[in-house]
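Colleague: I would be grateful for a close look at a single part of this model. Please treat the strands and their surroundings in one connected account.

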Amino acid sequence: VETDVTACDGYQWRNFYETMSGTYVQVVENPHACDSLFILHLKINHSFNATESASACDSYTWQGNIYTESGTYIYADQTINGCDSILTLQLTIHPSEWVTLQHTSCDSYTWNAQTYTQSGTYNFHTISSMGCDSIVRLDLTIVNQLEHHDHISVCAGDSVLIFDTWIQEAGDISQTFTAQSGCDSIQTYHVSIID
């Protein structure tokens with residue numbers, strides 16, 4: 001008896017498991033003391049197994065699927081010979097980084113080589129240590145310096161007490177205080193003399 005067989009990885013034949021292509025012959029004596037000849041022409045096609053590693057920022061597309069989390073993923077298919085084909089992906093996903101900073105400053109604030117004079121939200125784009133996008137958002141509040149001006153008229157020969165000092169001459173007298181916001185507050189008195 002002669003048989004042609006194509007199989008994947010191995011083939012069970014007459015109490016033997018064959019894993020290599022070739023021609024196999026077995027002679028068996030039948031009950032009438034005559035020889036029986038068995039011939040197997042075997043072609044073995046092998047399954048395909050492969051493992052690959054990948055890393056990506058935020059997501060990774062593999063075998064038509066989009067992955068957003070790290071993990072081990074398996075894709076099963078068949079080779080052109082009809083044998084199993086198993087691909088394994090060891091995936092590491094690095095997420096983009098978002099950081100928000102809140103800051104209050106007097107008059108202006110310098111951040112990443114830029115000076116800001118108005119309150120607002122400002123973004124700084126950079127690359128993380130893993131090579132992914134990294135965005136730092138600054139929520140900035142600018143508190144402007146307060147200035148207050150008062151005009152005082154004094155009769156000639158009279159004086160007025162300003163900041164613990166008696167003033168008898170015309171001129172401007174200023175003093176800087178710290179406001180509740182922590183920023184400068186400047187009070188200026190403009191003194192004029194009346195005859």
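How many bridges join β9 to strand β10, and in which direction do the two strands run, parallel or antiparallel?

Modeller: Please bear in mind that this is a predicted model. Strand β10, which comprises residues 84-94, is joined to β9 by 8 bridges, and the two strands run antiparallel. Within this pairing, Tyr73 stands opposite Leu89 of β10. In general, the strands of a sheet pair through backbone hydrogen bonds, in either a parallel or an antiparallel manner. Here, β9 and β10 belong to an open sheet of 3 strands, arranged in the order β6-β10-β9 with mixed pairing. At its edges lie β6 and β9 (71-78), each of which pairs on one side only. On average, neighbouring strands of this sheet are turned by 20° against each other, direction ignored.

The loop between β6 (48-57) and β7 (60-62) contains Ser59. Leaving aside residues up to four places away in sequence, Ser59 touches Ile66, Tyr67, Thr68 and Ile93. Ser59 and Ile93 are 34 residues apart along the chain, yet their C-alpha atoms are separated by 6.5 Å. Ser59 is classed as partly exposed because its relative accessible area is 35%, between the limits of 20% and 50%.

A further surface feature involves strand β5 (residues 35-45), in which Leu37 lies. Together with Val25 and Val27, Leu37 forms a nonpolar patch on the surface, with about 270 Å² of accessible area in total. Leu37 itself has a relative accessible area of 43% and is therefore partly exposed.

Terms used
Residues are numbered from 1 along each chain as its sequence is written. This is a predicted model: local features need pLDDT of at least 70, side-chain atom pairs count only at pLDDT 80 or more; totals for chains, interfaces and linings use all residues. Side-chain values use heavy atoms; hydrogens and water are left out. Patches are made of residues with over 30% relative accessible area and no salt bridge: like charges are joined within 9 Å, nonpolar side chains (Val, Leu, Ile, Met, Phe, Trp, Tyr) within 5 Å. Accessible areas come from the Shrake-Rupley method with a 1.4 Å probe; for residues, only the protein chains shown count as cover. A salt bridge is a side-chain nitrogen of Lys or Arg within 4 Å of a carboxyl oxygen of Asp or Glu. Helices (H or I, at least four residues) and strands (E, at least two) are DSSP runs, numbered from the N terminus. Buried means under 20% relative accessible area, exposed over 50%, partly exposed in between (1.4 Å probe, protein chains only). Contact means heavy atoms within 4.5 Å. Two strands pair if DSSP finds at least two bridges between them. Axes are lines fitted to C-alpha atoms, for helices over the stretch in contact, and angles run from 0 to 180 degrees between N-to-C directions.
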